[in-house]
Amino acid sequence: MKNILIACDLDNTLIHSYKQKRDGDMCIEWINGKEQSYINKETYEQIEELKMLARYTPLTTRSIEQYLRINWKPGAEPEYAVTTNGAILLSNNERVSSWDETSYKFMDEYRKDLDDILAMLESQKEDLHIRCRKVDEMYVFAYCEDGGSVEGIADTFSEKTRLRVEYFGRKIYFLPPQFNKGAALTRLKEKFVPEFVIAAGDSEIDIPMLEIADLAYCKESIFDKVSNKNKKSFTNETDLINSILGDVRQFSEVGL
Ligand SMILES: [Mg+2]
């Protein structure tokens with residue numbers, strides 16, 4: 001097996017919400033017994049082949065708990081997964097302590113900033129129409145309900161904190177600057193020393209990893225924003241995994 005690393009975002013890249021359910025999909029995540037996320041069934045089966053050819057590693061903003069809710073079948077289960085926007089590495093679903101050590105050092109520098117921003121958000125949560133919480137101790141997350149302004153909150157609070165503020169849809173993230181997907185991919189590269197790196201993602205929060213990959217798969221919505229000479233677009237997980245399998249099979253035959 002060539003040492004190829006595939007860093008892959010999950011939501012709207014490899015899996016999708018029940019709201020976008022299509023024929024041929026299978027449920028891969030349930031919340032309180034309710035179907036939440038889906039993946040195309042054939043694509044799911046192709047992941048097993050992909051796993052034999054490359055180190056395929058989900059890299060997600062999800063918390064550990066949200067990641068572990070995904071019900072991979074044996075064979076398609078990733079050996080490693082990075083959660084919490086880069087702050088935590090799981091190996092066979094267990095936290096990797098050396099990764100934790102470095103992340104806690106980063107987080108400690110911003111512990112007060114995280115507590116302060118959470119307290120500020122909490123104290124205004126009714127006026128702002130938000131729900132907020134700390135995620136795995138590593139970052140602060142706010143969900144903006146109808147009636148609140150995501151952009152307004154992000155702009156106002158980014159002036160009051162050293163944390164990096166990112167948002168998309170109704171979600172706002174307040175992150176120590178080291179917890180971004182680019183830095184996480186750099187850490188993965190140091191750990192696994194891959195010969196070639198493929199990254200795939202659909203949203204702005206994925207851009208830092210897409211820009212440092214040897215080959216970047218970007219959804220149309222962010223394609224023009226990604227500075228990487230070697231980038232391709234994809235439409236859904238079936239298209240993505242077919243294309244990546246094509247690349248990886250080619251690398252295996254002819255070399256990098
Ligand atoms: Mg996504």
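User: Which residues is A142 in contact with, leaving aside its neighbours within four places in sequence?

Analyst: In this predicted model, A142 is in contact with L121, I130, C132, I153 and I172. The word contact applies because the C-beta atoms of two such residues lie within 7 Å.

User: What makes A142 stand out in the largest nonpolar core?

Analyst: That core has 73 residues, and A142 is among those that touch the most other members, together with I6, A7, Y139, I198, A199 and A213. At least three residues of the core come from each of domain 1 (4-104 + 179-254) and domain 2 (111-175).

User: How do you know that the span of helix 7 is close to the one expected?

Analyst: Helix 7 (residues 181-192) has twelve residues, and its first and last C-alpha atoms are 16 Å apart, against 16 Å expected at 1.5 Å a residue.

User: Why are the buried residues of helix 7 said to be on the same side?

Analyst: The residues in question are K181, A184, L185 and L188. They cover an arc of only 100° around the axis, so they are on the same side of helix 7. An α-helix has 3.6 residues a turn, so residues three or four places apart point the same way. The cover over the buried residues of helix 7 includes strand 1 (4-8), strand 13 (196-201) and helix 8 (207-212).

User: What makes up the contact between domain 1 and domain 2?

Analyst: The C-alpha centres of domain 1 and domain 2 lie 26 Å apart. Domain 1 gives 13 residues to the contact and domain 2 gives eight residues. On the side of domain 1 that touches domain 2, five residues are nonpolar, seven polar and one charged.

Methods:
Residues are numbered from 1 along each chain as its sequence is written. This is a predicted model: local features need pLDDT of at least 70, side-chain atom pairs count only at pLDDT 80 or more; totals for chains, interfaces and linings use all residues. A nonpolar core is a set of buried Ala, Val, Leu, Ile, Met, Phe, Trp, Tyr and Cys residues joined through C-beta atoms within 7 Å. A residue is buried if 20 or more other C-beta atoms lie within 10 Å of its own, exposed if 12 or fewer, and partly exposed in between; C-beta atoms are placed from the backbone. Domain bounds come from an automatic or database domain assignment. Helices (H or I, at least four residues) and strands (E, at least two) are DSSP runs, numbered from the N terminus. The expected span of a helix is 1.5 Å times one less than its number of residues. The arc is that of the directions from the helix axis to the C-beta atoms. Ala, Val, Leu, Ile, Met, Phe, Trp, Tyr, Cys and Pro count as nonpolar, Asp, Glu, Lys and Arg as charged, and the others, Gly among them, as polar.
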